[in-house]
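Hello,

Here is the structure I promised to pass on to you. Please open it and keep it beside this email while you read.

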Amino acid sequence: MKLKENDEHRNEIIAHLKRNCLLCTARKGIDYRDREKESVLADLAELKKGYEFLYDQYRKENRSGEEIQAMLHNKRVCMDAIEVCQKCERELEKVSRFLSGY
């Protein structure tokens, strides 16, 4: 599932979490502290909270249904990606692939 995003700051967060997901997979046998995984989960939680705020804000402002649905879609994608990350056994960069639409 792809995120429908056009904000530069949130795109940077997405790029950061994709990079950390790849590093988490690459360092599977080297570092067992899961720093990258914690970073990915933190970034996803931050994105989810941001989309939840925007969803509520858009509803209050009576924005178009398309904009409101896009924020709801993004929030759901983040929730699904959190679940994917939590279940990941570091075999593939699953969150990165999930957010890229694979």
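This is a predicted model: local features need pLDDT of at least 70, side-chain atom pairs count only at pLDDT 80 or more; totals for chains, interfaces and linings use all residues.

Residues are numbered from 1 along each chain as its sequence is written, and side-chain values use heavy atoms, with hydrogens and water left out.

The overall picture

The protein has 4 helices and 0 strands (helices, H or I, of at least four residues and strands, E, of at least two are DSSP runs, numbered from the N terminus). Along the sequence this gives the pattern α-α-α-α. The C-alpha atoms fill a box of roughly 50 × 20 × 20 Å, taken along the principal axes. Of the 102 residues, 39% count as buried (buried means under 20% relative accessible area, exposed over 50%, and partly exposed in between, with a 1.4 Å probe and protein chains only). Among contacts between residues at least 6 apart in sequence, 68% join residues at least 24 apart.

How the helices pack

Two packed helices are described by the angle between their axes and the distance between the axes. Here the axes are lines fitted to C-alpha atoms, for helices over the stretch in contact, and angles run from 0 to 180 degrees between N-to-C directions.

Start with helix H1 (residues 8-26) and helix H2 (residues 35-60), which pack at an angle of about 155° with their axes 8 Å apart. H1 and H2 are therefore roughly antiparallel to each other (angles under 35 degrees count as roughly parallel, over 145 as roughly antiparallel, 65 to 115 as roughly perpendicular and the rest as oblique). Their crossing is left-handed, a term used if the near helix is turned anticlockwise from the far one by less than a right angle, with right-handed used if clockwise. Among the residues that make this contact are Ile-13, Leu-17 and Asn-20 of H1 and Ser-39, Leu-44 and Leu-47 of H2. The contact of H1 with H2 divides into 11 nonpolar, 4 polar and 5 charged residues (Ala, Val, Leu, Ile, Met, Phe, Trp, Tyr, Cys and Pro count as nonpolar, Asp, Glu, Lys and Arg as charged, and the others, Gly among them, as polar).

Now look at H2 and H3, whose axes come within 8 Å and cross at roughly 160°. That makes H2 roughly antiparallel to H3. The residues of this contact divide into 17 nonpolar, 2 polar and 6 charged. The crossing of H2 and H3 is left-handed.

The core

Which residues have the most contacts inside the largest nonpolar core? They are Leu-3, Leu-17, Leu-44, Leu-47, Tyr-51, Val-95 and Leu-99, in a core of 23 residues. (A nonpolar core is a set of buried Ala, Val, Leu, Ile, Met, Phe, Trp, Tyr and Cys residues joined through side-chain atoms within 4.5 Å.) H1, H2, H3 and H4 are the elements that give two or more residues to this core, and H3 gives the most, with 8 residues.

Leu-41, where we began, lies in helix H2. Leu-41 is partly exposed, with a relative accessible area of 24%. Leu-41 and Ile-13 are 28 residues apart in sequence and 12 Å apart in space, C-alpha to C-alpha.

Ser-39 also lies in H2. Leaving aside neighbours within four places in sequence, Ser-39 is in contact with His-16 and Asn-20.

Not counting residues up to four places away in sequence, Asn-74 touches Leu-3, Lys-4, Glu-5 and Tyr-51.

Two loop residues

Most residues other than glycine have a negative phi. Asp-34, however, has a positive phi of about 60° although it is not a glycine. Asp-34 is found in the loop between H1 and H2 and, at 26% relative accessibility, counts as partly exposed. Arg-90 is another residue other than glycine with a positive phi, near 65°. Arg-90 is found in the loop between helix H3 (65-87) and helix H4 (94-100) and, at 9% relative accessibility, counts as buried.

Happy exploring!

Technical notes: Contact means heavy atoms within 4.5 Å.
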